[in-house]
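Please look over the sequence and the model before reading on.

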Amino acid sequence: MTDFTGKTILVLGGSRGIGAALVRRFASGGGRVAFTYAGSQDAAQALAKETGAQAIQADSANRDALIATVAAQGPLDILAINAGTLVMGDPLTLDPDAIDRMIDINVRAPYHAAVEAARQMNADGRMVVIGSTNGDRMPFAGGAAYAMTKSAIQGMVRGLARDFGARGITINAIQPGPTDSDMNPADGPMAEFMHGFMAIKRHAHGAEIAELAAFLAGPHGAMITGSMQTIDGGFGA
Ligand code: NDP
């Protein structure tokens with residue numbers, strides 16, 4: 001089990017789902033963890049109490065507040081960017097403001113947070129960004145804008161790997177497939193449909209995603225950068 005003792009870690013969007021699994025994994029590994037949330041105050045406080053992590057309210061859609069929050073953490077060893085939203089439906093009828101807010105949270109925020117963290121990040125720091133297997137494959141209608149946001153993460157990760165590499169800082173995308181969370185419940189109405197695209201026909205658990213993040217963020221991840229690490233039960237195979 002990768003040990004994070006002495007590491008300063010920030011998880012963006014950590015109150016629920018995959019983000020909460022990241023907080024649990026880094027905290028149980030001994031890291032000094034802070035995480036942001038936007039609306040789920042009760043869940044955030046409960047997680048903070050459970051793990052000893054610090055909960056910080058900061059909406060990723062508010063660029064300046066996000067940048068200030070990242071800067072206030074001081075030099076980080078690990079930044080995990082997880083906050084994301086999913087807006088799906090007929091592109092001809094979806095609210096353009098909802099699409100733009102998703103782009104703010106899923107694309108603009110990861111970029112500005114990564115850049116801000118890099119200003120102070122310790123040498124050999126680690127960044128992991130939660131993308132999606134939908135960055136590679138969108139096999140059904142209604143997901144164009146969401147897939148666009150996750151494909152954008154791929155370009156960002158490739159480019160920033162080049163910008164940060166001289167300091168030993170790595171940045172990678174983790175691309176989950178269907179993963180049990182409020183966004184995509186394992187017992188939800190879409191579950192069976194999504195399992196149809198998978199070789200292993202079940203939702204992942206957040207802890208499985210977090211373990212991959214722990215590997216990338218640990219010492220064994222030193223030579224992995226600019227990459228997409230897909231963990232999707234064969235959804236994109
Ligand atoms: P959930 O909706 O279950 O949880 C989302 C988390 O992100 C919450 O902690 C939420 O905090 C936080 N968040 C959302 N918007 C903001 C915001 N504006 N500012 C700060 N925090 C925010 O989602 P998942 O755990 O399922 O998804 C996490 C990530 O994984 C997303 O990027 C998603 O796209 C990606 N993903 C998920 C998959 C899945 O099947 N579940 C598959 C592939 C990728 P709060 O409630 O406090 O606002």
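A residue is called buried when its relative accessible area is under 20%, exposed when that value is over 50%, and partly exposed in between, with a 1.4 Å probe and protein chains only taken into account. By that rule, buried residues make up 50% of the 237 residues in the protein chain. The model is a predicted one, in which local features need pLDDT of at least 70 and side-chain atom pairs count only at pLDDT 80 or more, while totals for chains, interfaces and linings use all residues. Residues are numbered from 1 along each chain as its sequence is written, and side-chain values rest on heavy atoms, with hydrogens and water left out.

Consider the overall fold. Helices (H or I, at least four residues) and strands (E, at least two) are taken as DSSP runs and numbered from the N terminus. On this basis the protein chain has seven helices and seven strands, and from the N terminus on they follow the order β-α-β-α-β-α-β-α-β-α-β-α-α-β. The radius of gyration, taken over C-alpha atoms, can be set against a globule rule of 2.2 Å times the number of residues to the power 0.38. For 237 residues a compact globule would have a value near 18 Å, and the 17 Å of the protein chain agrees with this. Along the principal axes, the C-alpha atoms fill a box of roughly 45 × 40 × 35 Å.

Contact here means heavy atoms within 4.5 Å. Among the contacts of the protein chain with a separation of 6 or more, 71% are accounted for by residues 24 or more positions apart. The accessible surface, computed by the Shrake-Rupley method with a 1.4 Å probe and, for residues, with only the protein chains shown as cover, comes to about 10700 Å², of which 53% belongs to carbon and sulfur atoms.

The next topic is charge. Lys and Arg count as positive and Asp and Glu as negative, whereas His and the chain ends are not counted; the place of each charge is taken as NZ of Lys, CZ of Arg, CG of Asp or CD of Glu. The protein chain has 18 positive and 22 negative side chains, and the centres of the two sets lie 6 Å apart. Side chains of opposite charge can pair when their charged atoms come close. With a salt bridge defined as a side-chain nitrogen of Lys or Arg within 4 Å of a carboxyl oxygen of Asp or Glu, the structure holds eight of them.

One of these salt bridges joins the side chains of Asp 59 and Arg 101, at 3.5 Å from N to O. The pair links distant parts of the chain, 42 residues apart, with Asp 59 in the loop between β3 (54–57) and α3 (63–72) and Arg 101 in helix α4 (residues 96–120). Asp 59 is partly exposed at 27% relative accessibility, and Arg 101 is likewise partly exposed, at 42%. Another salt bridge is formed by Asp 104 and Arg 108, at 2.8 Å from N to O; both residues lie in helix α4, four residues apart, which is about one turn of the helix. Asp 104 has a relative accessible area of 24% and is partly exposed. Asp 64 and Arg 63 also meet in a salt bridge, at 3.3 Å from N to O, and Arg 63 is partly exposed at 46%.

Which residues does Val 157 contact, leaving aside its neighbours within four places in sequence? This residue lies in helix α5 (residues 144–164) and is buried at 0% relative accessibility; its contacts are Val 129, Ile 171, Asn 172, Ala 173, Gly 226, Ser 227 and Met 228. Ala 173, in strand β6 (residues 170–176), is buried at 1%. With neighbours within four places again left aside, Ala 173 is in contact with Val 129, Ile 153, Val 157, Ser 227, Met 228 and Gln 229.

Two further residues complete the tour. His 195 is found in helix α6 (residues 191–195) and is buried at 15%; beyond its neighbours within four places in sequence, His 195 is in contact with Lys 201, Arg 202 and His 203. Asp 124 lies in the loop between α4 and β5 (126–130) and is exposed at 53%. Most residues other than glycine have a negative phi, whereas phi of Asp 124 is positive, near 65 degrees.
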